[in-house]
Amino acid sequence: MDNYIQQEKKYFLQTYNRYPIVVEYAKGTRIYDNQGNEYLDFLGGIAVNVLGHSHPVVLEAIEKQVKRYMHLSNYFYQDIQIEFAKYLLEISKYDKLFFTNSGTETTEGALKIVRRWGNLRNKSKIIAFTGGFHGRTYGSLSLMDKPTYKELMGPFLGNIEILEYNDVTALKENVNEETSGVFIEFLQGEGGLRKVSEEFVQELWNLKNKYNFLVVADEVQSGLFRTGKLFAFEYYGVKPDIVTVAKGLGGGLPLGAILIASPLQNIFEKGMHGTTFGGNPVACAAGLATLKCIYPGLIPHILEISQYLWKRLVEIKEQFSSKVLEVRGLGLMCGLLLNFKANLLVEKLLEQKIITNSTSGNVLRLVPPLIISKDDVDNLFIGLKNALSNI
Ligand SMILES: Cc1ncc(COP(=O)(O)O)c(C=O)c1O
């Protein structure tokens, strides 16, 4: 094991804090290392492995597609891409999409749409919010405020204002006729599992009606039924103009999509946007098989297990009220606000072979596969109790 850890240090740019685990294989909600240890996975590849690892239906879909062809380019009509697009648009009630490979590429594409739409109307200002996370490329970074992601990397895109999340006054003071678009996570992931307030959303839509701008919902982490609904914004009764999705969309393979409502369907002309790999047919096959497993069949389980997980987390909060301040998030994108650095709890859970991670300093984040069982939740509960008793 050490050998691989040393080699990683030798060969890779040191950008990741990795767990000290060299993985042999993974199945369901479990990851197995090359020392024979079994880990319970409450990270799910950072909200990617929605059906757990190596789900047989997904493997079969991948195998079938690999045998037909793996890549052709977007110069061809490909049945699997088209079937997936149809299914995704039908259940999301959006009208057109563009496939990408990742979350940050969906942000970049959405930025281009917003800029072009704005330039056609003499609107140049884009708004985003503190605590937001939209990816690591330049456009995405330009929408984010956290210094550690951006230090000494400027200049960034201009005409972007980052306002305080959930600050209604700041919104009213800064959104105006010059605004072309607003990028928002209705439930922030990296920003510490914070939800947007009802009041904030209401004011955003008041301003949208008054000034006419586009709202882009970043559902890269919160989308695809993780919260119990297809998208987190559905809890607020609004319909954004553009939605970005990725993470679990490819069933574990790299895939993202920008979904748009019909008024924007002609925003790009041929050649204005494109990608070599986006919408890769194998990723689409895996994604379609995954989404069909989730919707509608898995929804009752997601709702039930979310409720059970929250019940257990609330018990933990009550039992360790001096250390656990809040249970946060929605559905299976949830966690604990602690009064100490969450990394400490992540380490203590790892000692018990439970994988979690932390965002935003004091927040423990849980984004497990949507197929987790009550036993898995009980194991986490025991792990949390042990860990918190020793901190
Ligand atoms: C809300 C949100 N948007 C965008 C991204 C970027 O996605 P990717 O890492 O696939 O580029 C992430 C990744 O964590 C995310 O959580």
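The model is predicted, so local features need pLDDT of at least 70 and side-chain atom pairs count only at pLDDT 80 or more, while totals for chains, interfaces and linings use all residues. Residues are numbered from 1 along each chain as its sequence is written, and side-chain values use heavy atoms, with hydrogens and water left out.

**Ligand site**

The shell around the ligand holds two nonpolar, six polar and four charged residues. Here Ala, Val, Leu, Ile, Met, Phe, Trp, Tyr, Cys and Pro count as nonpolar, Asp, Glu, Lys and Arg as charged, and the others, Gly among them, as polar. Among the surrounding residues are Phe133, His134, Glu185 and Lys247. The table lists polar contacts (pairs of N or O atoms within 3.5 Å).

| Protein atom | Ligand atom | Distance |
|---|---|---|
| Thr104, polar backbone atom | oxygen | 2.8 Å |
| Asp218, polar side-chain atom | nitrogen | 2.8 Å |
| Gln221, polar side-chain atom | oxygen | 2.7 Å |

On its own, the ligand has 390 Å² of accessible area, and the protein covers 82% of that. Accessible areas come from the Shrake-Rupley method with a 1.4 Å probe.

**Loop residues**

Tyr75 sits in the loop between helix H3 (56–68) and helix H4 (79–92). Its relative accessibility is 79%, so Tyr75 counts as exposed. The cut-offs are over 50% for exposed and under 20% for buried.

Asn49 is in the loop between helix H2 (44–47) and H3. Asn49 is buried because its relative accessible area is 15%. A polar side-chain atom of Asn49 lies 3.4 Å from the backbone nitrogen of Gly45.

Conventions. A residue is near a molecule or strand if one of its heavy atoms lies within 4 Å of it. A polar contact is a pair of N or O atoms within 3.5 Å; within protein, one must be able to donate a hydrogen and the other to accept it, and residues adjacent in sequence count only if both atoms are side-chain atoms. Helices (H or I, at least four residues) and strands (E, at least two) are DSSP runs, numbered from the N terminus. Buried means under 20% relative accessible area, exposed over 50%, partly exposed in between (1.4 Å probe, protein chains only).
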